[in-house]
Amino acid sequence: VSVPTDLGHGTILATAAALRSRQVRAIDLVQAALDRIERMDPVLRSWVVVDGERALAAARDADRDLATGSDRGPLQGIPVAVKDIIDAAGLPTRCGSSVLRDAGPAARDAPVVARLRAAGAIVLGKTVTQEFAAGVLSPPARNPWDPARTPGGSSGGSAVAVATGTVRLALGTDTGGSIRIPAAAVGVCGYKPTFGSLPLAGIAPLAPSLDTAGPLAASVADLWVGWRALAGLPPAPAPARDDLRGVRIGAPRGFFRGRLQPGVADAFAGAAALFAEIGADLVEADWADAARARAAAYVINRAETAETVWRAVGGDAPRLDAVNADLRTRVLAGRLVPAVAVTEARRARRAIRRSIADHYRAHRLDAVLVPTLPAVAVPADDPVVRFPDGAAENAGVAFTRLTMPFNATGQPVLALPCGFADGLPVGLQLAGRPGDDERLFAVAAAWEAAAGWHHCHPPLPHESAP
Amino acid sequence: VTAVPAVALLAGIAGVPAEVLEDHEVGAYFADLADAMNQLGAGDPALDAADEPFDPAWPEDAPAEGPSQP
């Protein structure tokens, strides 16, 4: 294990080893993260609140504990970030909304945060989310690869915190793609675990029958460490394999490949080819229900979001004027969605879950490989995706098109960086079978090792572009 | 009750100001929703699968020839 020379971009396991050999201290890690925030956040605006004093105190405790042989595993002394819809004791949860600007500090940690702390992680602060996690732009956060662009959302601040090496691990949530979308937009890894596998207490709901918490990290190995802790599982070596011989990966075209920006299509094609080069059998089988799955998730999302945000404003229509205009429309209109639409969408979702299971079985698939986004990150002042044929699509629709189907199915999905287009990151999704996390991580790790995209980091604002 | 008051009553039940019904953006919202409903394929016999028992954890889903390498 090499000692991390850059405190921002050393892996969790390498950093953990350096902490134990006393080549670095937890307090150095926290101080380096605080310095990085001070340097970058005036431009990238990805943090809502930084809990520097308590983080430094926790770091001193971690250093003392490690020095006395009290070892809680690889996350001990590692700074982490928490999306601001998730409770962290002592910090307010404002959900990116002026409606909650006077929220007091949370009395206790959400269970997912408590599990990270129990594993020794140090909560550095709260990161920017789109208001109530309902959207894909995460204002005012900006993309470190091009600060004129958005980092995606709604877990945009967490993705930026990882991409810049401020933290190695961050918490996000995913209802329609909110972990995977920013992961793709800023070039980091994200994991939407199997629906229902992580506790959601202490997390502001958006669409409860779709909501999933999960980690963002700089590599598959780091993501594995984070996911194990979030799931309340003891640390374990990351599953590994030298190649992908014998692994069958579905590579559907149709819905998932029909409308992509050319640079995204090229980067994704290269990524898919690499899966084959290292031994995977790529199975070009379309899943006929992909559009139906997206539609089911969309309708359910619209109805449930309207209800949760309505409750968050106390059921007071005038108070809703304080939320952004798009969300206000979404809530008011969402309250008028006919019950028959919701019942049909829920019925369709049940059929879709059977359909995707049948698809995996029929083709003997271990995973399905598709792009995460049809486009690169959009400009913050013009959040529209444009295609060469002149078509333009609202980013909120375009960015969730390829992610929402998997919220309907509830499958676990890993999002990985897979190249660049026009100097901006491109991402892929690897969707596995429910509960089959270990196989999914092993496949992803083998591909990541061959591809190496996780070694690419954006220039920090004070640095020049490569 | 005529059609227009019925819509207004519906908005009232939902706690939504009646003028929202005239909002262009709300119209666009329902246009998108209508598209989604079309994609759902309501009435498609394939959706009858929804009414059959199924465990979302896919327990019946072991590949016919067994899983590939773990």
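Buried residues (under 20% relative accessible area, with exposed over 50% and partly exposed in between; 1.4 Å probe, protein chains only) make up 64% of the 466 residues in chain A. The model is predicted, so local features need pLDDT of at least 70 and side-chain atom pairs count only at pLDDT 80 or more, while totals for chains, interfaces and linings use all residues. Residues are numbered from 1 along each chain as its sequence is written, chains are lettered from A and ligands numbered from 1 in the order in which they are written, and side-chain values use heavy atoms, with hydrogens and water left out.

Chain A contains 15 helices and 13 strands. These elements are DSSP runs, numbered from the N terminus: helices are H or I of at least four residues, strands E of at least two. The radius of gyration of chain A is 21 Å, close to the 23 Å that the globule rule gives for 466 residues, so chain A is as compact as a globular protein of that length. The radius is taken over C-alpha atoms, and the rule is 2.2 Å times the number of residues to the power 0.38. Along the principal axes, the C-alpha atoms of chain A fill a box of roughly 60 × 60 × 40 Å. Among contacts (heavy atoms within 4.5 Å) with a separation of 6 or more in chain A, 75% join residues 24 or more positions apart. Chain A exposes about 15600 Å², and carbon and sulfur atoms supply 52% of it. Accessible areas come from the Shrake-Rupley method with a 1.4 Å probe; for residues, only the protein chains shown count as cover.

One buried position in chain A is A:Val188, with a relative accessible area of 3%. A:Val188 sits in the loop between α6 (180-186) and β5 (189-192). Leaving aside residues up to four places away in sequence, the residues that A:Val188 touches include A:Ala159, A:Leu216 and A:Pro417. A:Gly156 is 32 residues from A:Val188 in sequence, and their C-alpha atoms are 11 Å apart.

Chain B has 2 helices and 0 strands. Of its 70 residues, 24% are buried. The accessible surface of chain B is about 4400 Å², with 61% from carbon and sulfur atoms.

At the interface, 43 residues of chain A contact 43 residues of chain B. The two chains bury about 3800 Å² between them, 61% of it from carbon and sulfur atoms. A:Arg292, A:Leu336 and A:Arg354 supply 19% of the area that chain A buries against chain B, more than any other three residues. Buried area is the accessible area (1.4 Å probe) that two parts lose on being put together, summed over both.
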